[in-house]
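Okay, everyone, thanks for coming. I've got one structure for you today, so let me put it up on the screen.

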Amino acid sequence: FGYLRRCMDKRFGEGTRQAFEQATGLSPNDYWDESYPGGSAIPTDETGVTYAFEHGATVFGWQAHGDHCGGQPGTGDSEIQKRLDNQIAELKQRYPGRHFRIFATEAGIDIKEA
């Protein structure tokens with residue numbers, strides 16, 4: 001199973017899910033999908049990821065986006081990416097498995113294994 005945390009911005013939801021599924025081979029019913037303002041670039045409640053991990057998730061997707069994130073007002077794309085990388089480094093320590101860094105913009109979605 002897997003877990004995907006993403007920003008709730010509707011511009012990037014469907015594209016992020018499709019990219020995550022393609023990169024991991026998971027189907028829509030194989031992972032938990034959770035969204036927060038600001039996505040994975042800022043610390044959030046970990047109830048969802050903890051639940052997923054305790055129920056077999058071993059593949060994790062951590063998404064944030066550029067092009068004006070409402071959950072991180074006034075923050076530029078490069079700072080959001082830095083925050084995302086810092087959060088992923090911390091989350092990898094708590095949740096062993098495969099981790100994917102996802103950064104979405106209006107130009108497309110960049111996903112890579114972290």
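Quick housekeeping. This is a predicted model, so bear in mind that local features need pLDDT of at least 70, side-chain atom pairs count only at pLDDT 80 or more, and totals for chains, interfaces and linings use all residues. Residues are numbered from 1 along each chain as its sequence is written, and side-chain values use heavy atoms, with hydrogens and water left out.

Let's start with strand S1, residues 2-7. When I say helix or strand, I mean DSSP runs, H or I of at least four residues for helices and E of at least two for strands, numbered from the N terminus. S1 is mostly covered, with six of its six residues buried. Buried here is under 20% relative accessible area, exposed is over 50%, and partly exposed is in between, using a 1.4 Å probe and protein chains only.

So which strands does S1 pair with? One is S2, residues 31-36, in the parallel sense over six bridges; pairing needs at least two DSSP bridges between the strands. Across that pairing, Arg6 stands opposite Ser35 in S2. To get from S1 to S2, the chain goes through helix H1, residues 13-24, and that β-α-β crossover is right-handed. Right-handed means that, with the strands pointing away from you, the path from the first strand over the helix to the second runs clockwise. S1 also pairs with S3, residues 59-65, again in the parallel sense, over four bridges. There, Tyr3 has Phe60 as its bridge partner.

Now, what does Ile80 touch? Leaving out residues up to four places away in sequence, the contacts (heavy atoms within 4.5 Å) are Ala41, Ala64, His65, Cys69, Gln72, Thr75 and Phe103.

On to charges. The model holds 10 salt bridges, where a side-chain nitrogen of Lys or Arg sits within 4 Å of a carboxyl oxygen of Asp or Glu. Take Arg94 and Glu46, at 2.6 Å, N to O. Arg94 is in H3 and Glu46 in the loop between S2 and H2, so this pair ties together parts that are 48 residues apart in sequence. Both ends count as partly exposed: Arg94 at 40% relative accessible area, and Glu46 at 23%.

Compare Glu79 and Arg83, whose side chains meet at 3.3 Å, N to O. These two are four residues apart in H3, so they're separated by about one helical turn.

Then there's Arg101 with Asp110, where the closest N and O atoms are 4.0 Å apart. Arg101 is buried at 7%, whereas Asp110 is partly exposed at 40%. And Arg6, the residue opposite Ser35, turns up again here: salt bridges that share partners join Arg6, Glu14, Arg17 and Asp33 into one network.

Last topic, the aromatics. I get nine aromatic pairs. The rings are Phe, Tyr and Trp (its six-membered ring), with centres within 6.5 Å; planes under 30 degrees apart are stacked, over 60 edge-to-face, and the rest tilted. Phe20 and Phe100 make an edge-to-face pair, 6.5 Å centre to centre with 85 degrees between the planes. Phe20 lies in H1 and Phe100 in strand S4, so the pair ties together parts 80 residues apart in sequence. Phe20 and Phe100 are both buried.

And back to Tyr3 one more time: together with Phe53, Phe60, Trp62 and Tyr95, Tyr3 forms one aromatic cluster.

For contrast, look at Ala107, in the loop between S4 (98-105) and S5 (108-113). Ala107 counts as exposed because its relative accessibility is 82%.
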